[in-house]
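Colleague: Thanks for sitting down with me over this one. Shall we put it on the screen and go through it together?

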Amino acid sequence: MRFIVLLFVIVAVGCGSTPVPPDEVVAEPTKPQMVQDLPSVEVKFTKFVLDNGLRVIVHEDRKNPLVAVNVWYHVGSKDERSGRTGFAHLFEHLMFQGSENFEGEYFEPLERVGATDLNGTTNRDRTNYFQTVPTNGLEVALWMESDRMGHFQGAITQERLDEQRGVVQNEMRQGMNRPYGKARFVIPPNTYPAGHPYSWTTIGSMEDLNAASLDDVKTWFKDYYGASNAVVVLAGDIDPDTGRKLAEKYFGHIQPGPAVERRGPWVARMTERREVRIEDEVPQERVLFSFNVPQYGTQTVEHLRLAAMVLGNGKNSRLYKRLVYEEQLATRASAYVWTGEIGSQFVVYADTRAGADPNQVEQILREEIDNLRSAGPTPDELMRAKMSFFSTTVSRLERVGGFGGKSDLLARSEVYLGNPGGFVQLFEWLRSSSEEQIRLAAEEWLGEGYFVLRVAPRQKFRANSISADRSKLPQPGAAPNLRLPSLERFTLSNGVKVVFAQR
């Protein structure tokens with residue numbers, strides 16, 4: 001891997017008080033200049049495919065006696081259907097409950113060999129399982145990963161299903177009880193049409209989780225957990241030949257599984273402004289915009305990623321400076337792109353300061369987006385965004401495992417782009433992007449079609465501290481005077497007698 005190097009030219013300026021001749025023109029001191037040609041990022045790898053379709057990627061990094069094992073299955077919540085949501089995440093939990101050849105928690109043997117970064121995650125597009133182990137513990141990790149890939153269906157029991165169903169539902173409750181946690185359940189159905197694979201949350205719904213049967217879960221494993229739908233990355237203290245031999249030894253016998261039909265892009269671009277307002281247990285009102293934008297792996301979404309950084313990445317961003325520092329209407333302002341395999345979302349939000357007008361905050365969010373659409377970023381803003389992105393990327397790539405490490409990057413590129421080195425093109429688009437390209441992307445995709453979510457503090461009710469004397473029953477007061485109207489009496493011409501009372 002090549003590292004990003006920042007070069008600065010410093011001009012020394014004297015501090016003395018030497019007089020300047022009146023005829024002599026003195027140049028202004030030169031400011032430090034930053035080299036703007038960012039180096040590329042490279043992660044070398046070797047890829048091979050086993051006879052059963054399993055893709056194996058090996059990256060050699062000998063600086064530490066560690067190997068990261070990262071297994072990605074190309075299945076996520078987008079592969080579910082309405083009424084049966086939450087399966088991908090529920091199954092991820094089940095995969096930590098042992099296998100046909102190992103009774104007990106999956107963590108136990110790996111912790112004994114010193115595994116770190118040991119976890120599993122699920123999102124809309126993929127499910128992954130990963131750990132980083134000392135080199136001498138690598139075969140333990142491979143045995144465990146291959147046993148649950150090839151020998152797990154018989155270990156799925158009703159008892160384990162019920163246990164993990166409860167764990168997932170409790171996780172859902174915890175998520176909803178976090179500040180602004182309800183937003184995650186409001187945004188998907190309000191930004192995507194019914195039936196769209198992103199129109200429900202990855203964690204699913206309580207009703208769907210309750211409806212999950214043992215046969216449903218076993219079918220999920222059979223349909224999506226075959227070797228041909230998986231990618232195994234080995235990164236660290238290992239060479240490609242050793243990686244190939246170990247992959248054949250532990251994974252070569254596993255059935256490929258059925259072919260999985262892939263969904264094409266479905267951006268579901270919005271054409272008008274929509275708004276939903278909810279109340280939650282939060283200290284201040286949040287104003288959030290969400291735009292549907294193109295999918296991961298497109299040049300446009302990489303340009304929008306930089307646009308988000310100009311708008312809301314850190315305290316030097318436009319939104320933070322205006323809303324937090326200058327006008328002091330918010331305590332927080334941010335923007336980011338949430339990428340997805342078939343579509344992405346551009347999100348902008350601000351947390352309103354107590355006493356400030358949320359409508360004014362919303363107006364400023366819209367103004368700053370429109371300013372970027374019309375004029376684009378300045379050269380300094382774009383360079384700062386690029387440097388921030390690349391420095392963060394290189395920092396993550398110092399690690400072989402974990403989120404953002406080299407094994408994670410290689411697996412993501414293979415699963416989403418069909419090439420472990422596909423990230424190079426994405427980085428090149430970021431490196432070479434111009435102010436006008438960022439402006440054009442913002443102009444096209446950040447227009448009037450978007451969703452506004454207002455999350456307001458729940459209205460507080462409380463009892464009055466002053467109460468009546470309850471030691472004795474109150475006595476009635478004096479009887480009130482009854483005031484009746486005066487009466488008028490008369491007889492109609494036909495002899496009917498009338499009594500008229502006017503109040």
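Colleague: Let's start with α3: what covers the buried residues of this helix?

Modeller: Happy to start there, with one caution: this is a predicted model, in which local features need pLDDT of at least 70, side-chain atom pairs count only at pLDDT 80 or more, and totals for chains, interfaces and linings use all residues. Residues are numbered from 1 along each chain as its sequence is written, and side-chain values use heavy atoms, with hydrogens and water left out. Helices (H or I, at least four residues) and strands (E, at least two) are DSSP runs, numbered from the N terminus. Contact means heavy atoms within 4.5 Å, and the cover of the buried residues of α3 includes β5, α2 (107-112), β7 (127-134), α7 (214-224), β8 and α8.

Colleague: Which residues of α3 are buried?

Modeller: Buried means under 20% relative accessible area, exposed over 50%, and partly exposed in between (1.4 Å probe, protein chains only). In α3 the buried residues are L138, A141, L142, M144, E145, S146, D147, R148 and M149.

Colleague: E145 and R148 are both charged residues; how far apart are N and O in their salt bridge?

Modeller: Both residues sit in α3 (residues 138-150), three residues apart, about one turn of the helix. An α-helix has 3.6 residues a turn, so residues three or four places apart point the same way. A salt bridge here is a side-chain nitrogen of Lys or Arg within 4 Å of a carboxyl oxygen of Asp or Glu. E145 and R148 are both buried, and their side chains meet with an N to O distance of 3.1 Å.

Colleague: How far apart are the end C-alpha atoms of α3?

Modeller: The expected span of a helix is 1.5 Å times one less than its number of residues. For the 13 residues of α3 that should give 18 Å, and the model agrees, with its end C-alpha atoms apart by 18 Å.

Colleague: In helix α15, what separates R439 and E436?

Modeller: R439 forms a salt bridge with E436, the closest N and O atoms being 2.9 Å apart. R439 counts as buried at 14% relative accessibility, whereas E436 is partly exposed at 40%. The two are three residues apart in α15 (residues 435-445), so what separates them is about one helical turn.

Colleague: How many residues apart in sequence are the parts that D239 and R62 tie together?

Modeller: The side chains of D239 and R62 meet in a salt bridge of 3.5 Å, N to O. D239 lies in the loop between β8 (230-236) and α8 (240-251), and R62 in the loop between β4 (55-60) and β5 (66-73), so the pair ties together parts whose separation in sequence is 177 residues.

Colleague: And how accessible are D239 and R62?

Modeller: D239 counts as partly exposed, at 23% relative accessibility. R62 is partly exposed too, with a relative accessible area of 46%.

Colleague: How many salt bridges does a search of the whole structure find?

Modeller: Beyond the pairs above, R273, E275, E285, E362 and R454 are linked in a network of salt bridges. Over the whole structure, the search finds 33.

Colleague: What is the strand order of the open sheet of five strands?

Modeller: Its edge strands are β9 (273-280) and β11 (330-338), each pairing on one side only. β9 runs parallel to β13 (residues 450-457), with eight bridges joining them, and E275 has V452 in β13 as its bridge partner. The pairing in this sheet is mixed, and the order is β9-β13-β10-β12-β11.

Colleague: At about what angle to β10 does helix α11 run?

Modeller: Axes are lines fitted to C-alpha atoms, for helices over the stretch in contact, and angles run from 0 to 180 degrees between N-to-C directions. Helix α11 (residues 358-375) lies across β9, β10 (286-293), β12 and β13, and its angle to β10 is about 30°.

Colleague: Last one: in the hairpin of β14 and β15, which residue in the turn has a positive phi?

Modeller: Five bridges join β14 (residues 487-491) to β15 (residues 497-501), which run antiparallel. Five residues lie between the two strands, and the one in the turn with a positive phi, about 95°, is G495.

Note on methods:
Two strands pair if DSSP finds at least two bridges between them.
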